[in-house]
Amino acid sequence: MAEIEGLVRALREGDDADKAVAARALHKTAHNSDANRVLIAEAGGIPPLVELVRDGSAEAKQVAMGTLENLACNDANKVAIAEAGGIAPLVELLRDGSAEAKEEAAWLLFYLAGDNNGGNKVLIVEAGGIAPLVEILRNGPRNAIHPAAIALEGIAVFNDANAVAIAAAVGLEALVQLARRGRVTVESGCEWLIVPGVGDVTVNEQLVLPAGTGIAAKRKAALVVSALLRACVPVEARSQVRDLIRSVIGAFL
């Protein structure tokens, strides 16, 4: 415990290089040890790690995110990271970070979205996390495509509102897919992904809004499609197309 407390103190009081060294040491300490993950949290290690993600150097951000990923293997720590303000800087890195930072941020959001009570999913959406994740899924960088896809799936599972929000961010066709099948397929704009030991493999990431996405999500998606279609029709013509819209979406309501 004394060693962990010393590392946490270095996170708070050291210079940027010392903080990166301390974060790396905490990553090793927490690896495959849930007991140590708990001890690091109890020693107050999560807030300074979040601060390092927000304001550290590029290297320090990477190390801090990796350490938080490790700590987020513990369910209570997932909540603690969010409570320390950890979601907003991750969304910012999804938008403006380097390719490596976007990858790490997407992975960490994937872990955070798996909290038991589902609160982190809501916080990720409220912080604006869906749009940059969809952008990565479409256009890369290549190394961040897979974590972005599974982060979106994690945000959607057992949360119908999030599933519809993700489909809406993808576009009208995705909303129609969700209304029909409960599934949205997004083809990445990056055609190839380099997989170590495997070589080039085709990337057609399929974003599946999973088993928790049910009739309610399909109904909501259908209603959004209806509202969008209605908004595109001149007021004087709406009475003429109302029955047509109902006939198209009725099966999903």
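**Rings, burial and a helix crossing**

Reply: W107 and F110 are three residues apart, about one turn of the helix, and both lie in helix α8 (residues 99–112); helices are DSSP runs of H or I, at least four residues, and are numbered from the N terminus. This is a predicted model, in which local features need pLDDT of at least 70, side-chain atom pairs count only at pLDDT 80 or more, and totals for chains, interfaces and linings use all residues. Residues are numbered from 1 along each chain as its sequence is written, and side-chain values use heavy atoms, with hydrogens and water left out.

Me: How many aromatic pairs does the structure hold?

Reply: Rings of Phe, Tyr and Trp (its six-membered ring) pair if their centres lie within 6.5 Å; planes under 30 degrees apart are stacked, over 60 edge-to-face, and the rest tilted. The structure holds two such pairs. The rings of W107 and F110 are edge-to-face because their planes stand at 75°, with centres 6.1 Å apart. F110 and Y111 form a tilted pair, since their planes lie at 55° and their centres 5.5 Å apart.

Me: Is K78 buried or exposed?

Reply: Buried means under 20% relative accessible area, exposed over 50%, and partly exposed in between (1.4 Å probe, protein chains only). K78 has 7% relative accessibility, so K78 counts as buried. Its place is in helix α6 (residues 75–83).

Me: At what angle do the axes of α4 and α5 cross?

Reply: Axes are lines fitted to C-alpha atoms, for helices over the stretch in contact (heavy atoms within 4.5 Å), and angles run from 0 to 180 degrees between N-to-C directions. The axes of helix α4 (residues 46–55) and helix α5 (residues 58–71) cross at roughly 140° and come within 8 Å.

Technical notes: Helices (H or I, at least four residues) and strands (E, at least two) are DSSP runs, numbered from the N terminus.
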